[in-house]
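Me: Hi! I'm new to this one and would like a hand finding my way around. Could we look at it together?

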Amino acid sequence: MVQRVVVIGLGYIGLPTAAILASNGVHVVGVDVSDKHVDAVNRGEVPFVEPDLGIHVAGAVSKGLLSAQKETPAADVFIIAVPTPFKGGHEADLSYIDAATDGIIPQLSGGELVILESTSPPGATERVGERILAARPELNLNAEPDARTVDVAHCPERVLPGRVMIELVENDRIVGGLTPHAAQRAKALYEVFCHADIFLTDATTAEMAKLTENSFRDVNIAFANELSIISERLGIDVFELIELANKHPRVNILQPGPGVGGHCIAVDPWFIVSSTPEQAQLIRTAREVNDSKPGYVISKVLEAVEGEESPVVAALGLAFKPDIDDMRESPALDITRLLVEALPQGKVLAVEPNVEELPAKLAGHTNLELAPLTDAVAQADVVVLLVDHREFKAMDTTALEGKAVINTRGTWRSLEA
């Protein structure tokens, strides 16, 4: 039985993983560089929006099974769940993984299991193992384990923000080990809470599986986004078009939008492209299509306000998907920022019901305010629907009469500008 698990990174994946393990009786210590996250967890609170997570965190903290700190302690199992952002050329920045690994290394004595959950390009898990051995050559990663063996595995998360606590339990998992023994040990840990199937493979295949899943969705979203631009040129309602096309038994076109956001679909395909740039032509094109969609939305807004001296634009939504506060790689956030810069004599009223203040990326602009939905729509010349939060779908659409409406989500279709 695992005595202690350390989860490094208490963000949108790390904290739910820590909480679900602790809720199943495992003693878990969360590690994070953020005082805000550490303090919130130790109070039994959640520093971001995720349904049902607060119940798990509060219960585990009250039972003494979950705590948080800034330094990495000794443990039986270490789970790395830190960000993997871009650096130049859309390559993965693995510095957070390296830093997490460096914090683990002094705590190793042999017999531990290190799991990389962070979405990573092929070879990242092997890099963790190599980094451990470079610093601690007395240890090993042997396929036939002994007292000095440290097992290293990759188990990519496969959950949807807003449903994380459900999908952690119900979704199948893929576990890839640097050795078969490492994969088996990681599987045994996830069986503590995962009720679905757990499939074993090698670490590189597991890394590539996660990237493949998200690239598949990205390519299909790019088809929908490109179709939306073609349809507008032809005077067709793309949402009706897709609805009709999907009545074919073997057609399932996804919905277009203002772009693609989140730390997975908007990022992961580039890891494949950067690993194999000559071969990943379709994946690259899909990324370029989706990355260009925010610019297209902005052009539609600027067209709608042309001739106005001081236009007011209501930008509805900043998160990357409905009913959460997660703004990672959010096209809505980027569109809002670019509109503020493009309309220096105008005003942009941002509406995001899941936050109480503007994110740092939008701070410092005098022509931008965070506003309630009713006020923003009442003042606006143009209303841009960027995220279909429940509040927007439920609003009284008579308030939109006489206003230009830029509809990127298919809500209020009869009111489109």
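Predicted model: local features only at pLDDT ≥ 70, side-chain atom pairs only at ≥ 80, totals over all residues.

Me: Is the crossing of α1 and α3 left-handed or right-handed?
Reply: The crossing of α1 and α3 is left-handed.

Me: And which residues make the contact?
Reply: From α1 there are Leu15, Pro16, Ala19, Ile20, Ala22 and Ser23, and from α3 there are Leu53, His56, Val57 and Ala60.

Me: How many of the residues in the contact of α1 with α3 are nonpolar, polar or charged?
Reply: Eight are nonpolar, two are polar and none is charged.

Me: OK, new topic. How many salt bridges does the count come to?
Reply: The count comes to 22 salt bridges. As background, side chains of opposite charge can pair when their charged atoms come close.

Me: Let's take one with aspartate 102. Which residue does aspartate 102 form a salt bridge with?
Reply: Aspartate 102 pairs with arginine 131, and the closest N and O atoms are 2.7 Å apart.

Me: How exposed are aspartate 102 and arginine 131?
Reply: Aspartate 102 is partly exposed, at a relative accessible area of 36%. Arginine 131 is partly exposed too, with a value of 31%.

Me: What network are Asp102 and Arg131 part of?
Reply: A network of salt bridges that links Asp98, Asp102, Arg127 and Arg131.

Me: What about aspartate 218, which residue does its side chain meet in a salt bridge?
Reply: That would be arginine 287, at 2.7 Å from N to O. Aspartate 218 belongs to helix α8 (residues 203-234) and arginine 287 to helix α11 (residues 281-304), so the pair ties together parts that are 69 residues apart in sequence.

Me: Are aspartate 218 and arginine 287 buried or exposed?
Reply: Both aspartate 218 and arginine 287 are buried.

Me: And lysine 300, where is the partner in its salt bridge?
Reply: The partner is glutamate 232, with the closest N and O atoms 2.3 Å apart. Lysine 300 is in helix α11 and glutamate 232 in helix α8, so to speak two distant parts of the chain, 68 residues apart. Glutamate 232 is partly exposed, with a relative accessible area of 37%.

Me: Back to helices for a moment. At roughly what angle do the axes of α11 and α12 cross?
Reply: The axes of α11 and helix α12 (residues 331-342) cross at roughly 40 degrees and come within 10 Å. That makes α11 oblique to α12. The crossing of α11 and α12 is right-handed.

Me: Which residues of α11 and α12 meet there?
Reply: Pro294, Val297, Ile298, Val301 and Leu302 of α11 meet Pro331, Ile335, Leu338, Leu339 and Ala342 of α12. By class, this contact has 10 nonpolar residues, no polar ones and no charged ones.

Me: Where is threonine 336, and what does threonine 336 touch?
Reply: Threonine 336 is in helix α12 and counts as buried, at 0% relative accessibility. Leaving out residues up to four places away in sequence, threonine 336 touches Ala315, Gly317, Leu318, Val348, Ala350, Leu362, Leu368 and Leu386.

Me: Last one. Where is leucine 113 found?
Reply: Leucine 113 is found in strand β7 (residues 113-116) and is buried, with a relative accessible area of 1%. Its C-alpha atom is 5.9 Å from that of valine 150, a residue 37 places apart along the chain.

How values were computed
Residues numbered from 1 in each chain as written. Heavy atoms only, no water. Left-handed = near helix turned anticlockwise from the far one by under 90°. Helix = DSSP H or I, 4+ residues; strand = E, 2+ residues; numbered from the N terminus. Contact = heavy atoms within 4.5 Å. Nonpolar A, V, L, I, M, F, W, Y, C, P; charged D, E, K, R; others polar. Salt bridge = Lys/Arg side-chain N within 4 Å of Asp/Glu carboxyl O. Buried < 20%, exposed > 50% of the residue type's maximum accessible area, 1.4 Å probe, protein only. Axes fitted to C-alpha atoms, helices over the stretch in contact; angles between N-to-C directions. Parallel < 35°, antiparallel > 145°, perpendicular 65-115°, else oblique.
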